[in-house]
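Please keep the sequence and the structure open while reading.

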Amino acid sequence: MNEIPLTHILFLSTALFFIGMYGLFTRRNLITMLMAIELMLNSVNINFVAFNKYLYPDKLNGVFFTLFIIAVAAAEAAVAIAIFINLYRNHRSIDVEETEQMRY
Amino acid sequence: MTAYQIIFYLISAFVLATAVLAVTANRIFRSAIWLLFSLVGVAALYFWMQVEFVAAVQIIVYVGGVVVLIIFSIFLTQQSGSQLPKPPLKRSLFALLAVLFGFAFTYNIIARYRFAPVAAAKPFVVPVSAIGEQMLDTKQHGFVLPFEVVSMLLLAAMIGCIVIAMRPVPKEKANQKRTAPVGAFGDNLTDLPRPAAEPDPVSMMEEKTT
């Protein structure tokens with residue numbers, strides 16, 4: 001049944017992580033940087049589920065870690081977007097180069 | 001090559017291609033839509049790994065929540081059709097170099113590591129009832145404490161979002177509310193509200209004493 005070796009799934013998640021990192025390096029818009037961070041969190045989740053499935057099939061810990069990471073990522077995205085909207089109200093821009101102070 | 005393998009490679013190619021488009025697209029709205037496709041591909045990967053509950057949570061939270069939130073914030077903060085400025089060549093070149101180096105490094109480590117094969121590979125089944133029982137278990141391997149902590153975290157994030165995104169009361173309005181009655185009484189009961197820029201000495205003294 002498991003003809004796909006574990007390493008192929010790990011290669012997939014590694015590639016996804018570094019794609020997200022490329023986006024984080026090149027983009028200068030806060031919303032697109034948040035999207036890149038979401039991609040990186042997803043690659044970590046894939047890793048947790050893959051390790052749980054292939055190495056410890058009788059436990060559920062990887063699934064729990066994935067669920068908690070999803071919850072924390074949702075909270076983080078909500079707070080980040082609230083900050084972006086507040087920043088846009090004060091500066092009329094959400095570019096990181098023009099954002100020199102976050103105090104108002 | 002069985003259908004099982006072909007499906008895995010198809011899903012992974014889909015996820016990687018849409019992720020690359022999401023981080024390189026010129027228009028921010030298209031970038032958000034490519035991110036949506038990539039997250040759906042990751043959910044398909046969870047279905048392929050037979051963890052249906054995690055796949056459902058992924059679709060509900062990411063596709064239904066986070067991406068919709070991102071799209072709304074794009075609508076609120078800038079014109080969705082506007083082009084993003086291209087990154088300078090130097091920055092994208094060095095980012096590409098750093099990313100390629102990191103990928104090669106990690107690839108090398110993973111390819112050399114010999115994962116212990118699971119003895120008599122047991123079927124990996126995740127019944128939702130087992131997840132629920134272990135999530136609310138107070139014994140040794142239960143996850144009730146992280147569960148409660150995450151609930152507190154979500155509450156704190158909700159309150160924080162409301163406080164951060166709340167529009168502050170404009171300063172002039174607050175000043176008017178505070179000083180208008182003082183000016184009206186200091187002006188011998190005329191109905192005209194005085195401008196706050198030139199208060200009479202009496203009201204100024206009153207303000208100093210208060």
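## Domains and make-up of chain B

The C-alpha centres of domain 1 and domain 2 of chain B are 25 Å apart. The domain assignment, which is automatic or taken from a database, places domain 1 at 1-81 and domain 2 at 128-167. This is a predicted model: local features need pLDDT of at least 70, side-chain atom pairs count only at pLDDT 80 or more, and totals for chains, interfaces and linings use all residues. Residues are numbered from 1 along each chain as its sequence is written, while chains are lettered from A and ligands numbered from 1 in the order in which they are written.

Chain B holds eight helices and zero strands. Helices (H or I, at least four residues) and strands (E, at least two) are DSSP runs, numbered from the N terminus. Read from the N terminus, the order of elements is α-α-α-α-α-α-α-α. Of the 210 residues in chain B, 16% are buried. A residue is buried if 20 or more other C-beta atoms lie within 10 Å of its own, exposed if 12 or fewer, and partly exposed in between, with C-beta atoms placed from the backbone. Two residues are in contact if their C-beta atoms, placed from the backbone, lie within 7 Å. Among the contacts in chain B between residues at least 6 apart in sequence, 44% join residues at least 24 apart.

## The contact between the chains

Chain B gives 67 residues to the contact, and chain A gives 57 residues. On the chain B side, the elements that supply two or more residues are helix 1 (3-24), helix 2, helix 3 (52-77), helix 4 (89-112), helix 5 (128-135) and helix 6 (144-165). By class, that side has 51 nonpolar, 14 polar and two charged residues. Here Ala, Val, Leu, Ile, Met, Phe, Trp, Tyr, Cys and Pro count as nonpolar, Asp, Glu, Lys and Arg as charged, and the others, Gly among them, as polar.

How do helix 2 of chain A and helix 2 of chain B cross? Helix 2 (residues 30-54) of chain A and helix 2 (residues 28-48) of chain B have axes that come within 11 Å and cross at roughly 5 degrees. Axes are lines fitted to C-alpha atoms, for helices over the stretch in contact, and angles run from 0 to 180 degrees between N-to-C directions. The two helices are therefore roughly parallel to each other. Angles under 35 degrees count as roughly parallel, over 145 as roughly antiparallel, 65 to 115 as roughly perpendicular and the rest as oblique.

Residues of helix 2 of chain A in this contact include Ile31(A), Met35(A), Leu39(A) and Val49(A). Those of helix 2 of chain B include Leu35(B), Leu39(B), Val42(B) and Tyr46(B). The contact of the two helices has 12 nonpolar, four polar and one charged residues.

## The nonpolar core

The largest nonpolar core has 61 residues, and Ile31(A), Met35(A) and Val49(A) touch the most other members. Such a core is a set of buried Ala, Val, Leu, Ile, Met, Phe, Trp, Tyr and Cys residues joined through C-beta atoms within 7 Å.

## Selected residues

Met21(A) lies in helix 1 (residues 6-26) of chain A. It counts as buried, with 21 C-beta neighbours inside 10 Å. Leaving aside neighbours within four places in sequence, Met21(A) contacts Met40(A) and Val99(B). Gly20(A) also lies in helix 1 of chain A. Gly20(A) is buried, with 26 other C-beta atoms within 10 Å. Gly20(A) and Met35(A) are 15 residues apart in sequence and 8.1 Å apart, C-alpha to C-alpha.

Gln50(B) sits in the loop between helix 2 and helix 3 of chain B. Its phi is near 60 degrees, a positive value in a residue other than glycine. Most residues other than glycine have a negative phi. Gln50(B) is partly exposed, with 15 other C-beta atoms within 10 Å.
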